[in-house]
Amino acid sequence: MKRIYVKEDWCLGCHLCEYNCAYANSGNPDMVKALKDVAIRPRIRIEEAGGISFAVSCRHCEEPLCVRNCITGSLRIVDGVITVDQEKCVGCFTCVLSCPYGAVMPTAAGVVQKCELCLRNAAGSPACVTGCPNGAIVYEEKEARECAM
Amino acid sequence: MAIDFLYPEYEVARNQSRCIVCRVCERQCANEVHAYDAELNCLKSDDSKCVNCHRCVSLCPTRALKIVKSDHTFKHNANWPQYAIEEIYRQAGSGGVLLASMGNPKDYPNYWDKMLLNASQVTNPSIDPLREPMETRVCLGPKNHRIERDSQGRLINNMPRNLVLSTPIMFSAMSFGSLSYNAHASMARAASELGIFYNTGEGGLHEDFYQYGANTIVQVASGRFGVHRDYLAAGAAIEIKMGQGAKPGIGGHLPGTKNVGDVSRTRMVPEGSDAISPAPHHDIYSIEDLRQLVYSLKEASNNTKPVIVKIAAVNNVAAIASGIARSGADIISLDGFRGGTGAAPTRIRDNVGIPIELALAAVDQRLRDEGIRDNVSILAAGSIHSSADVIKAIALGADAVYIATAALMAMGCHLCRTCQLGRCNWGIATQVPELSKRLNPDIASKRLVNLITAWTHEIKEMMGGMGINSIEALRGNRLMLRGVGLNEKELSILGIMHAGE
């Protein structure tokens, strides 16, 4: 399955991925209207310290703790992609606490959101990847990795 | 001081109605032009720090930024243009030599654009390169005059060792130190993929790039930085740099701030100290001295590497080239006055040297007249803008061209001409780790390959139009050129007829 991988050697810490993520998931075709005067809540976050930076988003683990711990079944694996059904989510945030990457986060509405690889929004493929100016985030097929547990 | 004040030459125009305050401009500007105002929740810019490199403009996700030339003006004066006035103020303030970088930006004549190409009509067929094979391969080095056969009458391959290029374009000398590690990595990878060569420049060869040696030309300049046995053995050819088109007659100066870490180790110059290459080679004061160095290098490399001698195009270039051709050099590289540099005194860059077109034509003609043209190959350099310039250079007598500014632009350079500051926002002309990582060789090498591939396609198209299917048949074929708007003297130096003749 294709996943998002990060090459921290090339991450500039420009944070464009965060804005492209927020835009892609806004549902608004106009980036300015979508993001002007808005405190964005992206599903990808840049971690940076001491001159090193990289983007963190959902790893789409094969045996994900968030899915295992979800009490309502709103987090599910669909064709390898961990998706969230916000209608079912009750906002207990057990997933937020259990994700070792901090890749599941609350929305303003009190439910959770996470990276779904832009497969369910208008971008169609990860907007963070297409928008990265330096090839620091890639979307590619690699061999299966170990799960987070 | 008020007397030193100069109004910024460029202004950052921010469309606040489109700005989403993502702050990418602020994060990406090494010159600290942009700053976030938390109180007003908006970005502000200090135009005086802007070098017009377009990094912020290119990365702004909502196209909220552009750079405009300031309309601030001195009282109009046809005799004293703005730059001349400002340079006076600068020098009156500093007492120093003005520094600049990249190529001569002044409005001197561009002879490439005053030459037009021929095409076949009716009486001689043109060739469609999409249907028929076109040969762009060139071999650089001396050619044998004699055809030799064995006792059975079979041809004997008596070709001296040549550099074989898949297409007549190479990446010109730019040192590791003036350029970042990633810029060198990109050129090395692209040259290997394309079957051409890149040139190390005078800063030595980083140990990581020895693997690309078969596509590397190693340079020996007056500072002899990074020159040792393994270095000479590593490349496919050795270039002696006598001069550079951007700054004929003077040496080089890598500031200590750029001479750090791997740059210092590769150059074999103590870290933090300025790496100064002298104006002359202190062991070369004549063609005979040059011959000694040419043969020393040939012996040091066991006679396996062609030796290139690079000179700037200056007065009497034809006589100098004739001397070089007799010095044992295999290839002569001519660098015109528009060639680039990582740093040079402005006055030298803008006022010394001659156009490559005239130098190339003069050298080719002189070597032909003296019957020694086949002893050497000729490389032309100094602001080759396009495949059309490559074709015109070859028709004027070049075997191949060197490109550097165009290669930098393929890697992201926006020609802001402030390489000398070492804060290149595109990660090219800098040794600052946070900046040099902006150049990802995966991307940049691909773009270099794209550029050369595109030019090669165009070269084949133009050759086909002329009814020529081998680049060798175009070399020195000045009948394929016609001048427009040139006077008799220019036409006679270029050795071409005027359009209509």
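Residues are numbered from 1 along each chain as its sequence is written, while chains are lettered from A and ligands numbered from 1 in the order in which they are written. Because this is a predicted model, local features need pLDDT of at least 70 and side-chain atom pairs count only at pLDDT 80 or more, whereas totals for chains, interfaces and linings use all residues.

Visitor: What radius of gyration does chain A have?
Guide: Chain A holds five helices and eight strands, where helices (H or I, at least four residues) and strands (E, at least two) are DSSP runs numbered from the N terminus. The globule rule, 2.2 Å times the number of residues to the power 0.38, is set against a radius taken over C-alpha atoms. For 149 residues the rule gives 15 Å, and chain A comes close to this, so it is as compact as a globular protein of that length, with a radius of gyration of 15 Å.

Visitor: Which residues of strand E5 of chain A lie on its covered face?
Guide: Strand E5 covers residues 81-84 of chain A, and its uncovered face carries Val81(A) and Thr83(A). In a regular strand the side chains alternate between the two faces of the sheet. The covered face of E5(A) is made of Ile82(A) and Val84(A).

Visitor: Which residue takes a positive phi in the hairpin of E4(A) and E5(A)?
Guide: Strand E4 (residues 75-78) of chain A and E5(A) run antiparallel and are joined by four bridges, and two strands count as paired if DSSP finds at least two bridges between them. Within this pair Arg76(A) stands opposite Thr83(A). The hairpin has two residues between the strands, and the one with a positive phi, near 50 degrees, is Asp79(A).

Visitor: Which elements give two or more residues to the side of chain A that touches chain B?
Guide: Residues are in contact if their C-beta atoms, placed from the backbone, lie within 7 Å, and on this basis 17 residues of chain A are in contact with 16 residues of chain B. By class, the chain A side has nine nonpolar, six polar and two charged residues, with Ala, Val, Leu, Ile, Met, Phe, Trp, Tyr, Cys and Pro counted as nonpolar, Asp, Glu, Lys and Arg as charged, and the others, Gly among them, as polar. The elements in question are helix H1 (16-24) and helix H2 (31-35) of chain A.

Visitor: How many residues of H4(B) are buried?
Guide: A residue is buried if 20 or more other C-beta atoms lie within 10 Å of its own, exposed if 12 or fewer, and partly exposed in between, with C-beta atoms placed from the backbone. Helix H4 covers residues 181-194 of chain B, and at 1.5 Å a residue its 14 residues should span 20 Å, which agrees with end C-alpha atoms that are 20 Å apart; the expected span is 1.5 Å times one less than the number of residues. Among the buried residues are Tyr181(B), His184(B), Arg189(B) and Leu194(B). H4(B) is largely enclosed by the rest of the structure, because the buried residues number 12 of the 14.

Visitor: Which residue of E16(B) is the bridge partner of Lys310(B)?
Guide: Strand E15 (residues 307-312) of chain B is mostly covered, six of its six residues being buried. E15(B) runs parallel to strand E12 (residues 237-241) of chain B, with four bridges between them, and pairs in the parallel sense with strand E16 (residues 331-335) of chain B over five bridges. In E16(B), the partner of Lys310(B) is Ser333(B).

Visitor: Is Lys49(B) buried or partly exposed?
Guide: Lys49(B) sits in the loop between strand E3 (42-45) and helix H2 (55-59) of chain B. Leaving aside neighbours within four places in sequence, Lys49(B) is in contact with Asn31(B), Glu32(B) and Val33(B). With 14 C-beta neighbours inside 10 Å, Lys49(B) counts as partly exposed.

Visitor: What distance separates the centres of domain 1 and domain 2 of chain B?
Guide: Chain B is divided into domain 1 (2-96) and domain 2 (138-498), with bounds that come from an automatic or database domain assignment. Nine residues of domain 1 of chain B are in contact with seven residues of domain 2 of chain B. Taken over C-alpha atoms, the centres of these two domains of chain B are separated by 35 Å.

Terms used:
Contact = placed C-beta atoms within 7 Å.
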